[in-house]
Amino acid sequence: VHITMKRTFKTLLALTAVLTFASTLPLVSGAAEVKGDRWLLGLEDDFQDGQLKDIYKWVKQADDGHKLTDGNLLLKIKEGDLEGDANSASNLFLFHPADAFQAAYVIDVDPSAVKETEEAGLVLFGDEDNYVKAVFTERDGKTVLVLTREFRGKPKEETVFTDVPQEGILQLRMERDIFRLYLFLRAAGTKAWSEVGQARVA
């Protein structure tokens, strides 16, 4: 998990991002320029010290919901749903950059490992009724990338990107820039990002 944040003045706005892993996490439409130098603070966690840093927190945690071993964070997969009235997700693990509300997150995903009814990706999380999620899932036998915004308990799909490579590791990048979220995708090992969706952030 690679996280970069832009330093900002202290603010009452809080940012939390749920990292949802259905397996190991990896797009491609018109090329987009992602300027790394606008993000001034970087974090890369290799989970080597045997305990989670205080930048992580649980909203809900299943019994034995995670473990740290050999420099890896392993999260137990639990059935559940955030959308609408369900709110049944039972193993919610969050990263919380306390001093910034403009941030960028990059994760690696193997889309071939995500099966129907499963999701893997990133969620910008306020609470169970207010969030934006960008997740790989399977529809009609094909992996797609879906950007969904739920506001005040009402979910709406903003983007369904169907031109997702079905093999190989992909990198998914989510940028939160004050009131808007930008979603980018590229194949691992390539330089060019493609912007595949945007959503408002309340």
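**Rings and charges in a predicted model**

In this predicted model, the charged end of R173 sits over the ring of W193, 5.9 Å from the ring's centre. A second case of this kind involves R149 and F151: here the charged end of the arginine lies over the ring, with 4.9 Å to the centre.

A search of the whole structure turns up five aromatic pairs. One of them is W58 with F93, a tilted pair with 4.9 Å from centre to centre and 55° between the planes. This pair bridges distant parts of the chain, with W58 in strand 5 (residues 56–60) and F93 in strand 8 (residues 92–95), 35 residues apart. W58 is partly exposed at 22% relative accessible area, whereas F93, at 1%, counts as buried. F95 and Y105 make another pair; their ring centres are 6.1 Å apart and their planes stand at 80°, so this one is edge-to-face. Since F95 belongs to strand 8 and Y105 to strand 9 (residues 102–109), the pair ties together parts ten residues apart in sequence. Both of these residues are buried. Taken together, ring pairs join F47, Y56, W58, F93, F95 and Y105 into a cluster.

Salt bridges come next, and the whole structure has five of them. In one, E128 pairs with K60, the closest N and O atoms being 2.8 Å apart. E128 is buried, at 18% relative accessible area, while K60 is partly exposed, at 28%. Another salt bridge joins K133 and E83 (2.9 Å, N to O). K133 is in strand 11 and E83 in the loop between strand 7 (72–75) and strand 8, which puts them 50 residues apart. K133 is buried at 4%, but E83 is partly exposed at 27%. These two also belong to a network of salt bridges that takes in E119. R139 and E157 meet at 2.5 Å, N to O, in a further salt bridge.

Then there is E150, in strand 12 (residues 142–151). E150 is buried yet has no salt bridge, and K133, the nearest side chain of opposite charge, is 7.3 Å away. What the side chain of E150 does have is a polar contact with the side chain of Y131, at 2.8 Å. Leaving aside residues up to four places away in sequence, E150 touches L82, E83, G84, E128, D129, N130, Y131 and P155.

Note on methods
Residues are numbered from 1 along each chain as its sequence is written. This is a predicted model: local features need pLDDT of at least 70, side-chain atom pairs count only at pLDDT 80 or more; totals for chains, interfaces and linings use all residues. Side-chain values use heavy atoms; hydrogens and water are left out. Helices (H or I, at least four residues) and strands (E, at least two) are DSSP runs, numbered from the N terminus. Buried means under 20% relative accessible area, exposed over 50%, partly exposed in between (1.4 Å probe, protein chains only). Lys and Arg count as positive and Asp and Glu as negative; His and the chain ends are not counted. A salt bridge is a side-chain nitrogen of Lys or Arg within 4 Å of a carboxyl oxygen of Asp or Glu. A polar contact is a pair of N or O atoms within 3.5 Å; within protein, one must be able to donate a hydrogen and the other to accept it, and residues adjacent in sequence count only if both atoms are side-chain atoms. Contact means heavy atoms within 4.5 Å. Rings of Phe, Tyr and Trp (its six-membered ring) pair if their centres lie within 6.5 Å; planes under 30 degrees apart count as stacked, over 60 as edge-to-face and the rest as tilted. A charge sits over a ring if NZ of Lys or CZ of Arg is within 6 Å of the ring centre and within 35 degrees of the ring normal.
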